[in-house]
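Colleague: I'm new to this one. Could you show me how to read it, feature by feature?

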Amino acid sequence: MFERLSVMLMKEFLELRRDRWAMFRLIVPMILQMLVFGYAATFTVHHVTTAVLDLDQSQASRSLISHFAATSRFDIIDMATNQREITSDIDHDRAVIAIVIHAGFSRDLENGKSAPLQVIVDGTNSNTALIALGYIAQIVANFSTEQAASRVFPSRSGPAAAPVVGISLQMRPWFNEGLNERWFFIPGVIGTLTLMQVVSLTAFAIVREREVGTLEQILVSPIRPVEFILGKTVPFFLIGLGDIALVSFVGIAWFHVPFIGDPWVMLVGSALFLLAVVGMGLLMSTFSRTQQQAFALNFFLLNPFFILSGFAFPIAAMPKVLQWFTMINPLRYFLVIIRAVFLKGVGFAVLWPELGALALLALIMLTISVLRFRKSLD
Amino acid sequence: MMAEVNEIAVRVHGLSKSFGSVRAVRDIDLAVAQGEIFGLVGPDGAGKTTIMRMLAAVLRPDAGEILVDGVDVVAEAERAKLHLSYMPQRFGLYEDLTIAENIFFYGALFGVPRGERIARSQELLEAAGLLPFRRRLAGQLSGGMKQKLGLICALIHTPRVLLLDEPTTGVDPVSRRDFWAILYNLREGGVTIVLSTAYMDEAERCSRLALLHGGEIRHCDTPQHLKAAMPGALLAIASAHPRDVREAVSGKPGVLGALLMGDRVHVRVDDAERRIPELRAAIADQGIADAVITPAEPGIEDVFVALLGEEKPHEP
Ligand SMILES: Nc1ncnc2c1ncn2[C@@H]1O[C@H](COP(=O)(O)OP(=O)(O)OP(=O)(O)O)[C@@H](O)[C@H]1O
Ligand SMILES: [Mg+2]
């Protein structure tokens with residue numbers, strides 16, 4: 001048993017060493033994606049292209065506009081003179097957001113009435129738009145308080161602190177307390193990248209043996225399927241651990257993400273996650289005869305796993321059916337674990353449900369794939 | 001050649017396998033004696049590979065029994081694997097490993113002890129003429145070298161039964177000679193060899209042949225007996241225009257088949273005495289003057305074509 005397993009492992013290692021690009025392929029994309037994700041996948045939005053239509057042309061309206069101009073979050077690219085220009089700006093992607101100040105804005109303000117402000121957003125980029133709306137709400141709130149404070153004459157209606165500008169849209173990123181959304185994202189990126197890397201590596205490695213014909217060759221030897229599967233998956237399990245360590249290091253050293261938790265919890269979580277992921281890759285390989293098929297399947301499956309993981313979109317907000325689907329998604333559990341370990345520093349006592357779920361998932365995936373693997377040989 | 005037909009190394013009974021609606025192997029019976037070199041010949045898709053794979057325990061039959069070296073292959077696949085060695089039509093080599101590493105790997109998989117593995121691979125590499133290349137990556141070998149390496153990997157443990165699926169396809173004649181030298185050597189050592197081949201000269205070297213067609217064994221005998229069993233008589237017509245000669249004789253009364261063989265045409269007729277003058281006349285009618293007709297010894301290819309009925313006899 002050990003002789004055959006060790007010779008399998010030795011062979012994998014030799015092949016990896018001979019493959020001049022292996023190290024490059026294993027490491028560079030991970031680090032590169034980590035950097036790209038680290039910088040790009042954040043809720044902070046700057047330089048949102050903005051068109052402004054000021055139909056009031058009053059001191060108050062100009063003051064409000066100057067608030068927008070003052071922040072780097074918005075770039076005012078057009079001071080429009082009519083509604084048509086605004087619509088065209090949005091339609092032609094020149095602006096993501098348009099702010100329309102209607103005539104009578106300052107009069108309403110002075111009368112202490114709620115002064116309507118129209119905000120038009122380009123819904124196609126809803127994420128940016130939502131975030132930008134949040135900023136608008138903030139700016140408008142500041143403006144309102146200033147206006148209320150500077151109002152010397154007594155108001156006829158309501159207390160002085162009442163909102164004077166009728167915008168109630170609000171946007172709060174979940175973890176915005178420290179202003180650093182990166183902290184929230186980077187641990188997620190670690191899990192996501194590892195999932196993508198290890199699933200495809202495992203699936204491709206096995207399908208390749210099938211395609212080249214070495215699988216049939218190995219099958220006529222007295223090796224047991226379990227030994228073959230172990231020989232094929234242990235290397236990717238180890239590579240996965242290396243990946244997690246490497247990308248975590250980049251996150252901590254480069255993006256200064258705090259790591260508050262216990263490294264052991266991280267290790268156990270990572271190991272269980274990788275078992276499940278390797279099982280996923282193995283399962284995929286049993287459904288593919290050729291590398292093309294494996295590629296198509298990989299492409300088809302990884303995106304849903306990514307989207308339905310809670311990486312960016314909260315699971316609680318998904319339709320029930322999709323929520324159920326997330327139950328079989330190892331990434332879902334690992335994201336909870338890795339975020340908790342990095343940012344909250346909680347341990348086994350809190351994370352046992354997720355760890356247990358991962359262990360169960362790993363067991364199920366590996367069992368099914370070993371059974372299916374035997375069948376798929378005929 | 002078959003002096004010691006005492007022990008049956010491979011016994012197959014009622015073997016069948018279908019892929020969907022394709023009946024690749026239909027109810028086959030075989031008995032191969034120990035020390036035989038048994039050949040499976042047949043056109044593409046005849047079912048040779050399918051039979052080999054079932055014998056090697058990589059493919060489960062739909063029905064039938066297989067005994068290899070006394071072991072029930074269907075019921076005890078794992079145990080049978082220790083008795084046999086299988087070289088698929090396309091041997092799977094690790095292209096990123098060297099010759100020596102590939103041999104080492106397959107040797108270890110079969111649990112061959114280290115010392116024996118080294119001695120044996122040395123011996124086999126030498127016999128195959130691959131010794132100087134043992135540090136070359138398998139991916140950089142020529143087709144023939146790859147094929148020989150496949151054979152060495154298949155032979156690194158000492159099998160009782162060796163299954164070779166078209167082992168010399170794509171191998172140059174010199175390498176094929178080396179290859180056969182190795183096979184004869186093995187047979188001396190008591191190894192039973194079952195091979196499929198598309199080369200008729202190789203078929204001729206086998207102790208017995210099974211002619212397969214459409215998943216069935218049509219004929220099974222020694223090459224000599226098969227030749228003797230060929231219906232009709234064979235004539236060789238030499239000419240500078242063999243194609244025209246074939247045109248001229250095809251479909252004439254009594255002609256059972258005409259096969260182009262290089263610069264000659266092999267014509268199978270029902271009765272040589274009667275047909276030679278008729279054919280001579282038919283060829284002359286076509287304005288071919290240089291044709292020389294002689295009775296010929298049938299090669300296995302003629303037998304093959306005749307017995308598998310590739311061409312229907314053309315009687316008036
Ligand atoms: N895995 C498979 N799935 C479906 N059909 C198959 C499979 N393997 C073989 N067949 C079919 O079974 C028949 C016999 O195939 P087989 O490979 O045994 O032929 P062969 O005699 O080895 O031919 P060749 O000389 O081309 O190697 C063919 O019709 C083939 O299409
Ligand atoms: Mg074949």
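**Helix pairs and a ligand**

Modeller: Let's start in chain A, where helix α2 (residues 22-40) and helix α9 (residues 225-254) pack at an angle of about 40 degrees, with axes 10 Å apart. Helices here are DSSP runs of H or I with at least four residues, strands are E runs of at least two, and both are numbered from the N terminus. Before we go on: this is a predicted model, where local features need pLDDT of at least 70 and side-chain atom pairs count only at pLDDT 80 or more, while totals for chains, interfaces and linings use all residues. Residues are numbered from 1 along each chain as its sequence is written, chains are lettered from A and ligands numbered from 1 in the order in which they are written, and side-chain values use heavy atoms, leaving out hydrogens and water.

Colleague: What do I make of the angle between α2(A) and α9(A)?

Modeller: Axes are lines fitted to C-alpha atoms, for helices over the stretch in contact, and angles run from 0 to 180 degrees between N-to-C directions. Under 35 degrees counts as roughly parallel, over 145 as roughly antiparallel, 65 to 115 as roughly perpendicular and the rest as oblique. So α2(A) and α9(A) are oblique to each other.

Colleague: And which hand does the crossing of α2(A) and α9(A) have?

Modeller: A crossing is left-handed if the near helix is turned anticlockwise from the far one by less than a right angle, and right-handed if clockwise. α2(A) passes α9(A) in a right-handed crossing.

Colleague: How do α4(B) and α5(B) pack?

Modeller: In chain B, α4 (residues 114-128) and α5 (residues 143-155) make an angle of about 150 degrees, with axes 10 Å apart, so they're roughly antiparallel. Their crossing is right-handed. α5(B) also packs with α6(B) (residues 173-188) at about 15 degrees, axes 11 Å apart, so that pair is roughly parallel. The crossing of α5(B) and α6(B) is left-handed.

Colleague: How many residues surround ligand 1?

Modeller: A residue is near a molecule or strand if one of its heavy atoms lies within 4 Å of it. Here 13 residues surround ligand 1, with B:Gly45 and B:Lys48 among the closest. α1(B) gives the largest share of that shell, 3 residues.
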